[in-house]
Amino acid sequence: MTFLTTVLRVWAAAASAVAGFLVLVTAPPAYANTTFADCAALDGHVFVRASNSAIISENNTITTLNDGDVISFTVVYSSGANGTVTGTIDIDGATIFSETLTFGGGGLALGVFFTRNVSYDPPGDGTNVPLVFTTLPFSSAEGTLRILASCTPGAASSVPTQPASVAAAATKTFAIERARRILEERPDRPRYIRKRLQALWGDDADTSQTADTLTRAANGQQSRATPPSPINTQQPFQVASTNDGSSLAGMSARDATLRAYSYRSDDVTEGCGADDAGASRLSCVDVWTEGHYTRFTDRGDRDGHFAVVYAGADIHLTPWIIAGLMGQVDWMVDDINSANTRVEGIGWMAGPYLSARLTPELFVDVRAAWGLSDTDVNAAGVTGNVSTERWLVTGQLSGNFHAGSYRITPEVSVEYIREKLDAYTVSSGAQIAAQTVSIGRLRAGPEIARIFDIGNGATLEPRVAVAAIWDFNPADSVTLGGVRYGDDELRAVVEAGTILKTESGINFAISGKYEGLGVAGFDAYGGYLWINIPI
């Protein structure tokens with residue numbers, strides 16, 4: 001029995017060596033990345049790497065891979081000198097084989113062929129499936145590695161299954177990116193610090209100086225570090241005192257607050273703007289609109305466009321609190337070529353917002369919105385339409401201080417959005433289950449600006465900003481066309497723009513931004529424009 005076992009082992013080793021030799025000497029090497037139409041086209045393909053070869057890896061694509069296909073690989077190692085030889089095989093993002101053999105120096109014998117066999121059973125139908133051969137590290141001076149691919153064609157899954165799966169994945173991938181775009185392209189105009197620029201450049205506390213606060217700040221004559229009047233140090237919710245020194249808060253201190261923040265108390269019917277002393281009137285209704293556009297690419301195979309238009313109106317509830325209502329209409333189109341998908345949707349949201357000055361140097365913005373959307377899906381030859389319901393809440397704190405002629409305004413915000421995608425039926429008759437996308441985000445960074453007097457009572461405020469973004473509640477990642485999307489929790493965005501404030505109260509702003517710092521393969525370029533008209 002022992003003798004027979006030994007004979008069988010020797011025979012197996014010899015057979016393996018012969019098979020390895022045949023692979024090495026008979027199969028022609030393939031040195032270029034290749035796209036295989038299907039399993040049959042892949043059958044017989046060979047990847048080869050020698051120590052003196054510049055080819056260290058090969059990135060291939062299988063256009064159509066059926067659920068019933070059976071793929072196998074024969075991996076043959078050899079070396080005529082001491083060192084290591086490595087072979088790795090990845091399919092559809094998963095490593096199915098990886099091994100490093102050491103030759104000589106107490107390792108494997110030199111000049112002998114060592115063969116490994118590995119098989120792969122696709123979990124389902126697939127399109128544009130990546131197949132990657134890699135050979136690093138590879139330290140042997142005389143090493144050789146060859147990989148022979150064999151593929152036996154099999155049947156596909158039932159016809160509706162694969163396109164329906166692609167449609168479901170494309171729909172969710174679209175919803176994830178749209179939620180991110182909505183959070184990133186947030187409205188800028190309704191913020192207190194955009195409506196009352198003087199609050200950041202010297203305040204509007206002294207009624208005799210308010211009208212030209214920004215002009216004097218632009219000329220370097222005033223800054224937040226040296227407020228024009230001691231009354232400016234009063235807090236919005238603690239602005240008057242009784243005879244015994246106790247504080248009066250809320251609307252009982254309205255008259256003192258109006259004076260502290262340079263508003264008229266008898267302005268019920270006198271409209272917007274400022275009087276001869278420079279005091280603003282509380283009855284002003286501010287109507288504004290704002291538009292954003294962004295183009296994004298991801299992993300080199302995805303191309304998308306996003307646009308949103310906001311419109312709103314607000315009024316001062318008190319001199320330090322602005323409240324209003326806004327609505328938005330957003331549109332996005334998302335093309336992923338490797339998966340043969342195109343998803344396009346339009347939606348709306350509406351809700352209240354509030355912006356307030358908590359202290360002379362601290363501001364808060366909060367917003368809530370709810371809405372619906374309608375999305376058309378075209379994926380892998382099937383089409384469908386899905387309706388969604390969504391809502392969001394956001395909150396932001398902004399500080400402010402000065403460094404010479406510049407203001408520095410650090411900001412931190414917390415944002416949450418949730419969208420429920422209804423179940424729908426694609427054109428093949430397959431059912432797509434309901435899905436949900438949610439993102440919780442923390443954003444923080446400074447804005448730096450300087451103001452200039454450009455004459456006729458107008459000022460120009462160029463600014464730059466940078467922010468780090470962390471999705472503390474990230475969306476689920478989705479694999480589509482062999483690429484995983486939605487798994488980037490950290491990123492950064494940079495922005496530059498300017499604000500024009502006119503003497504008439506009509507203000508404009510324009511800004512451009514780039515998002516994608518810290519994210520491999522993702523780039524988003526965009527900008528926005530807003531205008532407001534007090535009435």
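A charge sits over a ring if NZ of Lys or CZ of Arg is within 6 Å of the ring centre and within 35 degrees of the ring normal. The model discussed here is predicted.

Q: Over the ring of which residue does the charged end of Arg-450 sit?
A: The cut-off for the distance to the ring centre is 6 Å. The charged end of Arg-450 lies 5.4 Å from the centre of the ring in question, and that ring belongs to Tyr-406.

Q: How many aromatic pairs does a search of the whole structure find?
A: Rings of Phe, Tyr and Trp pair if their centres lie within 6.5 Å. Searching the whole structure on that basis gives a count of 10.

Q: Are the planes of Trp-288 and Tyr-353 stacked, tilted or edge-to-face?
A: The ring centres are 6.2 Å apart and the planes stand at 75 degrees. Planes over 60 degrees apart count as edge-to-face. The pair of Trp-288 and Tyr-353 is therefore edge-to-face.

Q: How many residues apart are Trp-288 and Tyr-353?
A: Trp-288 belongs to strand S14 (residues 285-298) and Tyr-353 to strand S17 (residues 341-359). The pair links distant parts of the chain, and the separation is 65 residues.

Q: Is Trp-288 buried or exposed?
A: Buried means under 20% relative accessible area. The relative accessibility of Trp-288 is 2%, so Trp-288 counts as buried.

Q: Which class, stacked, tilted or edge-to-face, describes Trp-391 and Tyr-416?
A: Their ring centres are 5.5 Å apart, with the planes at 45 degrees. Planes under 30 degrees apart count as stacked and over 60 as edge-to-face, with the rest tilted. The pair of Trp-391 and Tyr-416 is therefore tilted.

Note on methods:
Residues are numbered from 1 along each chain as its sequence is written. This is a predicted model: local features need pLDDT of at least 70, side-chain atom pairs count only at pLDDT 80 or more; totals for chains, interfaces and linings use all residues. Side-chain values use heavy atoms; hydrogens and water are left out. Rings of Phe, Tyr and Trp (its six-membered ring) pair if their centres lie within 6.5 Å; planes under 30 degrees apart count as stacked, over 60 as edge-to-face and the rest as tilted. Helices (H or I, at least four residues) and strands (E, at least two) are DSSP runs, numbered from the N terminus. Buried means under 20% relative accessible area, exposed over 50%, partly exposed in between (1.4 Å probe, protein chains only).
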